[in-house]
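Q: I would like to learn how to read a structure feature by feature. Could you take me through this one?

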Amino acid sequence: MAIIEVKVPQLSESVAEATLLQWHKKVGEPVARDENLIDVETDKVVLELPAPQAGIIKQIIAPDGATVVADQVIALIDTDASAQVSPMEVSPLAAPQPSTNAPTPSAAPELAKSGSGAIAMPAAAKLLADNNLTTAQVSGTGKDGRVTKGDVLNTLTMPAPAAPAKPALQAVNAPAAVQGARPEERVPMSRLRARVAERLLQSQATNAILTTFNEVNMQPVIDLRNKYKDKFEKEHGVKLGFMSFFVKAVVAALKKYPIVNASVDGNDIVYHGYFDIGVAVGSPRGLVVPVLRDADQMSIADIEKKIGEFGVKARDGKLALEEMTGGTFTVSNGGTFGSMLSTPIINPPQSAILGIHATKERAVVENGQVVVRPMNYFALSYDHRIIDGREAVLSLVAIKDALEDPARLLLDL
């Protein structure tokens, strides 16, 4: 018998522990080489842990939800048993009834697809298991038909069929089983959510956060986008959005006021000679902030392509650790959700963050006349320990000026 160990992969230097989300295999089941055995959640990303060799799951040492560290042994695989598996063999956890439809080793990769051929994202897979569902019962809207957490929640909150069914009380916002009942569910924070909470509290406790506001007339950018969006998409293969204009305007302002791009390290101020712009992105696991490296050297098309890539990776839980580390400044666009105004919290160790909101037609005064313009309220939160009000206000004005006259971005004005 040749037994090999399944170990937790190496984590980043800033990550000490991880959480096992859900095993895709049971003891006694066959597994193919490089097949994903379990999803490992750190406070930044979800990692897939592939099988090092083909074989049979001999033992699962660490169960779902266990806290683990790098190189910890969490399972054992019997590699000799892989050649001995017959179609009649089933998991010891299953009913002892022979079946000609039981999986063979060559079909092992299909087991992770829950029989329907669809793949469930980690958060969705956990919710499916909690409510005794399979992907065959859920319509996937993710990439390549993958089932997302939202898909599962939509299924759970759909009106129940005529036949009696057990209510899914573990689902968020699921209907109550008994009229008048007030069900509750206690769910531990995900590692990412706990980390976000920790960092936000740290930011509030260690930074002297102050926020300054300004309003931006988005009409020039809207006109420019409407004029060129079709040609842009045809030329570059990506849609022309607004975030690339925001990033370009931010970089222009940071060049003029380097202190806003700096950070605090003890009693020192670190001025960064580069512009790594974090872009806050919502994901099924919570808020993540992937970073546009050297954004000053990126074209509008480069920025749009990278942001689109980040969005897909965030949705699928595929963002890598290196894509979310670092960053000298962050842009958070709450306007995509309809926010009118907010005071964003600084993402440490950065010293400032720009909050962008929904663009709405509003009555404004121009040259003594009341006119209607598409206005957006911008909020710049900054660390008053190193950034004075003057630099904060002027940098936000520089962002405003660049967006209200986009030609400035081309002429470096």
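Q: Where does Asn-367 lie?

A: Keep in mind from the start that this is a predicted model. Asn-367 lies in the loop between β18 (360-366) and β19 (369-383). The residue has a positive phi of about 55° although it is not a glycine, and with a relative accessible area of 81% it is exposed.

Q: Which other residue has a positive phi although it is not a glycine, and how exposed is it?

A: Asp-294 is such a case, with a positive phi of about 50°, and its place is in the loop between β15 (291-292) and α6 (300-316). Its relative accessibility is 32%, and Asp-294 therefore counts as partly exposed, since that class lies between the 20% and 50% limits.

Q: Which peptide bond is cis, and what is its omega?

A: The bond to look at joins Pro-348 and Pro-349, with omega about 10°. Pro-349 belongs to the loop between β16 (329-333) and β17 (352-356).

Q: How should I read the sides of a helix, and which residues of α3 are buried?

A: The general idea is that an α-helix has 3.6 residues a turn, so residues three or four places apart point the same way. In helix α3 (residues 191-206), the buried residues are Arg-191, Leu-192, Val-196 and Ser-203. Seen down the axis of α3, these buried residues fall within an arc of 135°, so they line one face of the helix. The face of α3 turned away from that buried side carries the exposed residues Leu-201 and Ala-205.

Q: What span should α3 have, and what does α6 reach?

A: At 1.5 Å a residue, the 16 residues of α3 should span 22 Å, and its end C-alpha atoms are 22 Å apart, which agrees. For α6, with 17 residues, the reach from first C-alpha to last is 25 Å, close to the 24 Å expected. The buried residues of α6 include Ile-303, Glu-304, Ile-307 and Phe-310.

Q: How many aromatic pairs does a search of the whole structure find?

A: The search finds 1 aromatic pair. Phe-246 and Phe-378 form it in an edge-to-face arrangement, 5.8 Å centre to centre with 85° between the planes. Phe-246 lies in helix α5 (residues 243-256) and Phe-378 in strand β19, so the pair ties together parts that are 132 residues apart in sequence. Both Phe-246 and Phe-378 are buried.

Q: Which residues touch the most other members of the largest nonpolar core?

A: Of the 55 residues in this core, Ile-277, Leu-292, Phe-329, Leu-354, Phe-378, Ile-399 and Leu-403 touch the most other members. Helix α5 gives the most to the core, with 9 residues.

Q: Is Gly-241 buried or exposed, and what does it touch?

A: Gly-241 is found in the loop between α4 (219-236) and α5, and with a relative accessible area of 17% it is buried. Not counting residues up to four places away in sequence, Gly-241 touches Arg-225 and Glu-304. Gly-241 and Arg-225 are 16 residues apart in sequence and 7.6 Å apart in space, C-alpha to C-alpha.

Notes:
Residues numbered from 1 in each chain as written. Predicted model: local features only at pLDDT ≥ 70, side-chain atom pairs only at ≥ 80, totals over all residues. Heavy atoms only, no water. Helix = DSSP H or I, 4+ residues; strand = E, 2+ residues; numbered from the N terminus. Buried < 20%, exposed > 50% of the residue type's maximum accessible area, 1.4 Å probe, protein only. Expected span 1.5 Å × (residues − 1). Arc of directions from axis to C-beta. Phe/Tyr/Trp six-rings, centres within 6.5 Å; stacked < 30°, edge-to-face > 60°. Core = buried A, V, L, I, M, F, W, Y, C linked by side-chain atoms within 4.5 Å. Contact = heavy atoms within 4.5 Å.
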